[in-house]
Amino acid sequence: MSSLGFIAMGAAQAAIEAHVPTLVTTQVASRISNKDTSIWVPSAREEAATRLGWIDAPSTSRALVPAILALRDELRAEGVNRIVLAGMGGSSLAPEVICATNNVELVVADSTDPEMLAGILTDRLATTALVVSSKSGSTVETDSQRRVFEQAFNDAGINAARRIIVVTDPGSPMDEASRAAGYRAVFNADPNVGGRYSALTAFGLVPAGLAGVDIAAFLDEAADAAEFLAEDDEDNIALALGAAMAGTVPLRDKLIFSDEGSGLVGFADWAEQLIAESTGKSQRGVLPVVVEAGSPETTSAAADFLQIRLVADTGLLTDDELDASSSAVALSGALGAQMLLWEYATVIAGHLLEIDPFNQPDVEAAKVAARSFLDATPEDESPLLVEGAIEVSGSADLLAGVNTLTEALNALLAAMPSNGYLAVQTYLNRHADGQLEELRPLLAAATDRPVTFGWGPRFLHSTGQFHKGGPRVGAYLQLSAESTMDLSIPGRDFTFGELLAAQSSGDAHVLTDLGRPVLRLHLRDKDAGIRQLEELVRNLATA
């Protein structure tokens, strides 16, 4: 029996009552389970035909478990007990959540920040194995991380091939190159699964299993829910959740994720990339906003907010905690079951929104722009102004008449429409500079609007799709900083620092070309700039 619990209130319950009977009558759940692509708009059907393998993953992925556990035991016998994961987007977020929820260490190298990567490279390299996860191997961040780790192993007198494990699609360029290079193991994932739906495939299981998670039990959690989620039944939680996400009238398109002791560590970050990248296109979509308990968004009565409450057990919620007039859903359940539930609910939301939940047409724009910055002769992009440790630049229209840093930030917030959101895009070291996340609730208090926070460049593979493809109501605050060091990439004509700068510049230019307001703050002295920015934002929040 499934461990899932679900309660809906207010507008969410009204959406469920309006849509679920039709979803049951039209057999949407069973048709998804049977891989019937006609559920989605005609433009989605060709891709959907090769993207539904995740439905069977609770059973088909079980065959991977013995080989993963055997390799884990081999590595431990050799004294290798630290697993580092090179991957981006769904390839890294799912195993990160699986390991954190199970209190197992997994080091995720989903960055091009040279300081962050240098810190990972110099920590316990002698006992480290690297898992490289990419469907094709063409992801520039993942390929660059593999290159620098391979060199580090060899420079330390370690046989790099014995320390590198690859997860990729069968027959991909990476599959062929990895086997030719003699890497320790190559695990093939189901090619009919997109990255953000891959939690229950080799992309989630290999790094988590090698790190020490009981991946058989994780698959059991999903399998317990699989049959229930495929039923055409008005009690099917996936139908209810999909209807709540995409069926409110008017559409409550900001999903405010708050964790109230669910025990699923970082789950909202995984759900954020799944939902944002799947629904944010054709200027439609629903935006997940991951907030802290008690944040301003959780008590807002804004008409475009839907509260998503992740709890330990919906059956233990008191009457005081179940306000029938609020627009909210509360969910509980084991991690494997929750991941499969949200995958079902997201594609059901895609059905209701009439979009393709499997493509990501705007992610490529940022990649192309970054590549153009790497290839081009550097231009003199002088800042509009410098105040203290912070350089200020951004969209020309936004900064017309601006003379101070405070005026620039106020101009950005004023550019947000009444139904808009602010996205903070931080191209720094998320291991060392985590205090910057404290800016998020302060900016939410200052604006009375939802604020998302993303670490670059990993958000480019998730919410980056929504920023460019979703409703054009966002305003964008980009943070970057001078680094005290850089890190070369073997076999490449650019460094990690240059790649990071190109990625931030490229994304800013794509957003500006779409007419969106972008404010770029570059910290000439990182520590001093962070202190200056924190003081400025606190003043705005209390003004």
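## Terms and model

A helix here is a DSSP run of H or I at least four residues long, numbered from the N terminus. The model under discussion is predicted.

## The second largest pocket

Helices α6 (90-101), α8 (140-155), α13 (267-279), α15 and α20 each contribute at least two residues to the lining of the second largest pocket. The largest share, eight residues, belongs to α15. The volume of this pocket is about 820 Å³.

In total, 35 residues line the second largest pocket, and S138, T139, V363, K367 and H461 lie nearest its centre. By class, 11 of the lining residues are nonpolar, 15 are polar and nine are charged.

## The largest pocket

The largest pocket has a volume of about 1,300 Å³. Its lining consists of 46 residues, with E381, A501, S504, S505 and R520 nearest the centre. Helix α20 gives the most, with 10 residues. The lining comprises 17 nonpolar, 16 polar and 13 charged residues.

## The enclosed cavity

How many cavities of 30 Å³ or more does the structure hold? There is one. The largest cavity contains about 30 Å³ of space. Its lining is formed by D110, S111, L428, R430, W455, G456, P457 and R458; three of these residues are nonpolar, two polar and three charged.

## A buried helix

Helix α12 (residues 237-246) is mostly covered, with 10 of its 10 residues buried. Among them are I237, G242 and M245. At the start of α12, a side-chain oxygen of N236 comes to within 2.9 Å of the backbone nitrogen of A238.

Terms used. Residues are numbered from 1 along each chain as its sequence is written. This is a predicted model: local features need pLDDT of at least 70, side-chain atom pairs count only at pLDDT 80 or more; totals for chains, interfaces and linings use all residues. Side-chain values use heavy atoms; hydrogens and water are left out. On a 1 Å grid over the protein atoms alone, a cavity is a set of points where a 1.4 Å probe fits but cannot get out, and a pocket is an open set with protein on both sides within 12 Å along at least five of seven lines; lining residues have an atom within 4 Å of a point. Grid points are joined across faces, edges and corners, and a volume is the space filled by probe spheres set on the points. Ala, Val, Leu, Ile, Met, Phe, Trp, Tyr, Cys and Pro count as nonpolar, Asp, Glu, Lys and Arg as charged, and the others, Gly among them, as polar. Buried means under 20% relative accessible area, exposed over 50%, partly exposed in between (1.4 Å probe, protein chains only). A polar contact is a pair of N or O atoms within 3.5 Å; within protein, one must be able to donate a hydrogen and the other to accept it, and residues adjacent in sequence count only if both atoms are side-chain atoms.
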